[in-house]
Amino acid sequence: MTEISDTRLMVGTGLAERIRSVAGERAARYHALTGRPPCLAAVLVGDDPASVTYVKMKQRRSQAAGIDSQLVRLAASATTEQVTAAVGELSADDRVDGILVQHPLPDQVDERAVFEAIEPAKDVDGVTMHSLAAMALGEPGFHCATPGGILRLLDHYGVELPGCHAVIVGRSPILGKPMGLLLLGRDATVTFCHSKTVNLADIVRTADVVVAAVGRPGFLRGDWLKPGGVVIDAGYNPGNAGDVAFDEALPKTRLITPVPGGVGPMTISVLLEQTVRAAFARAGLQDQTCSAC
Ligand code: NAP
């Protein structure tokens, strides 16, 4: 892999750490004001090793930021009704400020039904229809964590979004779709691509900003890219592989996210930031340091 110090790299680790640090300061202020820390509850169904690792990492980061973390575990055989009931209990629990349902859920579980059991005021991962509508309409609300993190990264690196052509490869409800909506809200001209898209490479070649969210290692090739464009690799596949053929892409791009160390760290930071924001809002408190409130 090419040297990590390349100035074309959009590294997320430092920015993500700063966001967590500010979230930690705000969590401490909330704790001092209310007598309890903000609380993020995670729901984990089954024991998929990657999901177990993600949830542990999220809990570790929460605790480090002074955010209380709860974990509700259900068997891999859990039904939609059981998972929905567990999420419903957390939604009704006044001590819980944010709810994260770790996905993917087992095939027998209706993911949408489970997401919709999250109280919108606690939807700190931005997965409910309420949050999606807010992102689509440009209304205040919680961003879906990974697209929200990507937007922060683009802003941090000074990428001009108004008028640019942004091509999103992937249209999942947690990544591709909300990503396109957030970019549209920032005046980009957005094209969504998916598995039925015809002439995908030709469309990607017209992108000033391309977001790869496919889940296939090395899927986007270097010769698909517009010279001088910006490449966001949201993919995270086994073996730390992104969705972009990085070594081919790097010489063509102005900016590109590495995998790991690009988009990944931003997701957890946005999740924690939104948890603190949810806690303040639920308590009816104004956090003066919160630019997004
Ligand atoms: P997903 O739900 O499986 O969606 C994949 C999308 O890619 C679908 O919209 C699919 O199109 C599209 N696609 C599949 N094959 C294609 C092809 N040949 N040409 C064009 N489009 C194609 O995946 P996801 O949850 O969005 O995740 C995508 C990637 O992001 C994964 O690698 C995942 O691990 C990663 N991810 C990373 C983070 C993070 O924090 N860094 C968070 C979430 C996800 P159809 O809709 O037509 O099927």
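This is a predicted model: local features need pLDDT of at least 70, side-chain atom pairs count only at pLDDT 80 or more; totals for chains, interfaces and linings use all residues.
## Helices α2 and α10

Two packed helices are described by the angle between their axes and the distance between the axes. Here the pair is α2, residues 49-64, and α10, residues 264-282. Their axes come within 10 Å. They cross at roughly 50°. That angle makes α2 oblique to α10. The crossing of α2 past α10 is right-handed.

Which residues of α2 and α10 meet? From α2 come Met57, Lys58, Arg61 and Ser62. From α10 come Ile268, Leu271 and Leu272. By class, this contact has four nonpolar residues, two charged and one polar.

## Asparagine 237

Asparagine 237 sits in the loop between β7 (229-233) and α9 (246-249). Its relative accessibility is 8%, so asparagine 237 counts as buried.

The side chain of asparagine 237 reaches a backbone oxygen at 3.3 Å. That oxygen belongs to glycine 242. Not counting residues up to four places away in sequence, asparagine 237 touches Gly215, Arg216, Pro217, Gly242 and Asp243.

## Aspartate 93

Aspartate 93 also lies in a loop, the one between α3 (80-92) and β3 (98-101). Is this residue buried or exposed? Its relative accessible area is 15%, and the cut-off for buried is under 20%, so aspartate 93 is buried.

Leucine 9 is found in the segment before α1 (13-34). Its relative accessible area is 5%, so leucine 9 is buried. How far apart in space are leucine 9 and glycine 229? They are 12 Å apart, C-alpha to C-alpha. Along the sequence, 220 residues separate leucine 9 from glycine 229.

Leucine 250 lies in the loop between α9 and β8 (253-256). It counts as buried because its relative accessibility is 3%. Leucine 250 and alanine 121 are 129 residues apart along the chain. The C-alpha atoms of leucine 250 and alanine 121 are separated by 40 Å.

Note on methods
Residues are numbered from 1 along each chain as its sequence is written. Side-chain values use heavy atoms; hydrogens and water are left out. Axes are lines fitted to C-alpha atoms, for helices over the stretch in contact, and angles run from 0 to 180 degrees between N-to-C directions. Helices (H or I, at least four residues) and strands (E, at least two) are DSSP runs, numbered from the N terminus. Angles under 35 degrees count as roughly parallel, over 145 as roughly antiparallel, 65 to 115 as roughly perpendicular and the rest as oblique. A crossing is left-handed if the near helix is turned anticlockwise from the far one by less than a right angle, and right-handed if clockwise. Contact means heavy atoms within 4.5 Å. Ala, Val, Leu, Ile, Met, Phe, Trp, Tyr, Cys and Pro count as nonpolar, Asp, Glu, Lys and Arg as charged, and the others, Gly among them, as polar. Buried means under 20% relative accessible area, exposed over 50%, partly exposed in between (1.4 Å probe, protein chains only). A polar contact is a pair of N or O atoms within 3.5 Å; within protein, one must be able to donate a hydrogen and the other to accept it, and residues adjacent in sequence count only if both atoms are side-chain atoms.
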